[in-house]
Amino acid sequence: MFNFVENWPTSTTTLTDVLLSPARPPSVYIHIFMAPSRLALAVGCVVATLSATVAIYYGLTELKPAQKRKRLRKKLPQTIYTWRRPDLVQLKEEDLWNSLTDVLCNAGLTPWIYTYLSYLLSPSKYILSGGFAYATATRTSDVPDDPGSLEELSVFQYQNTLSRMAQTADGLAVVVRVIAVRNEGHEHLALLRKIAAGPLSLTSSNHCLPMFREISFEDVVFGVFPKTGGCMDEAFGAWAENSVGDVLDMILQTLEGLIFLHDLNIAHRDMFLSNILIQWHPESLRTMTVPISRPRVYIIDFEFAVEFPPDCPAEDRVSVGYPLCKWYPSTGYSRPAPPEVECGKPYCPFKLDVWQLGVVFTDWSFTTIPAIDEVLEDMKLSDPAMRLSANEALKRLSELVNNMSPASLMIPPHFKFPGDP
């Protein structure tokens, strides 16, 4: 027998009672010659008490779901631009999106796997067909990194940190893109809800890429869009072996999409090749046969777009300055711009759309068909009053193409390098 605690109240008092007692704890004397069983009992009481205390502490301090969301939100960028450039707020790109894994999973989405640089890989070897992305028929699957192949459909290269790839529960490949943050981007969101979702998205002449759904996380809204098979910035001068006929079909569809927008008093104001997507590249020059099927063209990225009310007079449907949105720095514009934008006076944003589309093709490629090249040139005239509207360009170009045999357009585009005469 031994005296473990001085003045231990009763024989039934436990060490837990002593430790949790509000009274001043008594002096504890541990004797050298202790019975092993009593020592083990004492140590066990201490361990149990500490374990219970730790459990109670963490039970009381465990964050509730709402608190976790708010804590995560504080770590995320507070503006759209810093989301686009997380390095400005000392955030790493992949750390940013990795922190949102649970948010995406709770929405039924599995993020694609980051590999290196700006490349993401599908969690499945092949993506499920959703009607928006197809492999080029002439591209075999056994060639490593072959553009246009089945394997390449499972790879995605993002342009900035605003978007990432994910897979839905049923296997569809989708793009998750930041649309609105706090009080920014809500005009963009309203526009997408109007033209990329709902009844207008079902119109055949509407070439806006559909928005499948929205995901809200605190004050951030993400849009979910289908993955497409390619982009028009690869349509010529890159790997795709498209003919003049292939490219002209893409131009005609893009003009049709612009007319749809302009009829709604919407100007895109960023109508460059990187914002025009396609289901696949026909690559007619690989087979030298006229394709039976043609890929559909889709227009994306409406953050710089402007919309005018239906009752707004035509003379008041104007823009001033570089075609940017409120959250984009005014000093950050690097796209080509027509003279009316550079002069700082009010200009027609609808004619800007036509110039942006026309300057891409006439600055980099010629069809070598004078009548068609003339239309493309008239789309980028310096004087906006003389420049073609989207309606005029589509009418003239479609008449020319329809009066030519498809076989006569089975010629390569003339690629023009910068600085070439």
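Biologist: Between which two strands does the loop with Glu 218 lie?

Modeller: A caution to begin with: this is a predicted model. Glu 218 is a non-glycine residue with a positive phi, near 55°. Its loop lies between strand E7 (213–217) and strand E8 (220–226).

Biologist: Is Glu 218 buried, partly exposed or exposed?

Modeller: Buried needs under 20% relative accessible area, and exposed needs over 50%. The relative accessibility of Glu 218 is 33%. Glu 218 therefore counts as partly exposed.

Biologist: Which loop holds Glu 283?

Modeller: Glu 283 has a positive phi too, about 55°, and is not a glycine. Most residues other than glycine have a negative phi. Glu 283 sits in the loop between strand E11 (276–278) and helix H9 (284–287).

Biologist: What is the relative accessible area of Glu 283, and is this residue buried or exposed?

Modeller: The cut-off for buried is under 20%. Glu 283 has a relative accessible area of 0%. So the term for Glu 283 is buried.

Biologist: Which residues does Ile 276 touch, leaving out those up to four places away in sequence?

Modeller: Ile 276 is in strand E11. Ile 276 counts as buried, at 0% relative accessibility. Its contacts are Cys 231, Met 232, Thr 254, Met 271, Val 297, Tyr 298 and Leu 357.

Biologist: How far apart are the C-alpha atoms of Ile 276 and Ile 299?

Modeller: Along the chain, Ile 276 and Ile 299 are 23 residues apart.

Biologist: What is the C-alpha to C-alpha distance between Gln 159 and Tyr 119?

Modeller: Gln 159 is in the loop between strand E4 (155–157) and strand E5 (163–168). Gln 159 is exposed, with a relative accessible area of 70%. Gln 159 and Tyr 119 are 40 residues apart in sequence. The C-alpha to C-alpha distance is 9.7 Å.

Biologist: How many residues of H8 are buried?

Modeller: Helix H8 covers residues 244–263. From first C-alpha to last, H8 reaches 28 Å, close to the 28 Å expected at 1.5 Å a residue. Asn 265 follows H8 and has a positive phi, near 65°. H8 is mostly covered, and its buried residues number 17 of 20.

Biologist: Are H12 and H13 roughly parallel or roughly antiparallel?

Modeller: Helix H12 (residues 370–378) packs with helix H13 (residues 390–402), their axes 10 Å apart. The angle is about 170°. Over 145 degrees counts as roughly antiparallel. H12 and H13 are therefore roughly antiparallel.

Biologist: Now the whole protein. Of the contacts between residues at least 6 apart in sequence, what percentage join residues at least 24 apart?

Modeller: The protein has 13 helices and 15 strands. Of its 421 residues, 45% count as buried. For contacts joining residues at least 24 apart, the value is 70%.

Biologist: Which percentage of the accessible surface belongs to carbon and sulfur atoms?

Modeller: The accessible surface of the protein is about 22,000 Å². The part belonging to carbon and sulfur atoms is 58%.

Note on methods
Residues numbered from 1 in each chain as written. Predicted model: local features only at pLDDT ≥ 70, side-chain atom pairs only at ≥ 80, totals over all residues. Heavy atoms only, no water. Axes fitted to C-alpha atoms, helices over the stretch in contact; angles between N-to-C directions. Helix = DSSP H or I, 4+ residues; strand = E, 2+ residues; numbered from the N terminus. Parallel < 35°, antiparallel > 145°, perpendicular 65-115°, else oblique. Buried < 20%, exposed > 50% of the residue type's maximum accessible area, 1.4 Å probe, protein only. Contact = heavy atoms within 4.5 Å. Areas by Shrake-Rupley, 256 points an atom, 1.4 Å probe, with all protein chains shown as cover. Expected span 1.5 Å × (residues − 1).
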